[in-house]
Amino acid sequence: MPAPPGSASTLQHYGTHNVGFLFAPILICWLICITGVGIYNIYHWNPCVLHAVSPYYIYNFFKKVGKDGWSSLGGIVLCITGAEAMYADLGHFSKLSIRQIGFTAVVYPCLVLAYMGEAANLSKHRMNHQSSFYKAIPDAVFWPVFIIATLVSVVGSQAII
């Protein structure tokens, strides 16, 4: 039975080689969006979150929470490697380009700034913890970021397929 018009599987018969050119610009837009929102929140709400990159704080974190800290760290690693997996699943990139160039130079810094911005926002708006990501997005750019987030979800689902 053919796929309904407009469904994600409509593009599947073209293969990732032919539709992959759509994925990279969407992911780049997403990374730019979350980086921009992160920088805005850091600057606007709490620039002191930049101290989080100091090894002193991770040492104190593990000293304070003990073994439970490893569970938190595991969640962070899963988030970061999920972005790497989207590229790897497409099969169009070498291991070197994914791990050393794309991940280390682009994806990781974008994710760090996004999470730091979210933490900066949460430090001033503690009641927003239920939906902290969307609450951290400034009202002026909420809908464009929401649309790009939806497109990135489509790309992620295609990478899994």
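Biologist: Which helix gives the largest share of the nonpolar patch?
Modeller: This is a predicted model. The nonpolar surface patch has about 510 Å² and is made by Tyr134, Trp143, Phe146, Ile147 and Leu151. The largest share, 4 residues, comes from residues 142-160, which form helix 6.

Biologist: Is leucine 151 buried, partly exposed or exposed?
Modeller: Leucine 151 has its place in helix 6. Buried means under 20% relative accessible area, and exposed means over 50%. Leucine 151 has 39%, so it counts as partly exposed.

Biologist: How many aromatic pairs are found in the whole structure, and what kind of pair do tyrosine 56 and tyrosine 57 make?
Modeller: The search of the whole structure gives 9 aromatic pairs. For tyrosine 56 and tyrosine 57, the ring centres are 5.2 Å apart and the planes are at 80°. Planes over 60 degrees apart count as edge-to-face. The pair of tyrosine 56 and tyrosine 57 is therefore edge-to-face.

Biologist: What kind of pair do the rings of phenylalanine 133 and tyrosine 134 make?
Modeller: Phenylalanine 133 is partly exposed at 25% relative accessible area, and tyrosine 134 is partly exposed at 35%. Their ring centres lie 5.0 Å apart. Because their planes are at 80°, the pair is edge-to-face.

Biologist: Which residues are linked into a cluster by ring pairs?
Modeller: Phenylalanine 133 and tyrosine 134, the edge-to-face pair, both belong to the cluster. Tyr134 is also one of the residues of the nonpolar surface patch. The cluster made by ring pairs is Trp30, Phe133, Tyr134, Phe142, Trp143 and Phe146.

Biologist: What share of residues 21-43 is helix?
Modeller: An unreviewed UniProt entry lists residues 21-43 as a "transmembrane region", along with 69-88, 100-120 and 140-160. In the model, the end C-alpha atoms of residues 21-43 lie 34 Å apart. The span is 0% strand and 100% helix.

Biologist: Leaving aside neighbours within four places in sequence, which residues are in contact with leucine 113?
Modeller: Leucine 113 lies in helix 4, residues 95-124, and is partly exposed at 25% relative accessibility. Asparagine 41 is 72 residues from leucine 113 in sequence, but their C-alpha atoms are 9.4 Å apart in space. With those neighbours left aside, the contacts of leucine 113 are Thr35, Gly38, Ile39 and Ile42.

Technical notes: Residues numbered from 1 in each chain as written. Predicted model: local features only at pLDDT ≥ 70, side-chain atom pairs only at ≥ 80, totals over all residues. Heavy atoms only, no water. Phe/Tyr/Trp six-rings, centres within 6.5 Å; stacked < 30°, edge-to-face > 60°. Buried < 20%, exposed > 50% of the residue type's maximum accessible area, 1.4 Å probe, protein only. Patch = residues over 30% accessible without salt bridge, like charges linked within 9 Å, V, L, I, M, F, W, Y side chains within 5 Å. Areas by Shrake-Rupley, 256 points an atom, 1.4 Å probe, with all protein chains shown as cover. Salt bridge = Lys/Arg side-chain N within 4 Å of Asp/Glu carboxyl O. Helix = DSSP H or I, 4+ residues; strand = E, 2+ residues; numbered from the N terminus. UniProt positions renumbered as here; feature names shortened; annotations may be inferred. Contact = heavy atoms within 4.5 Å.
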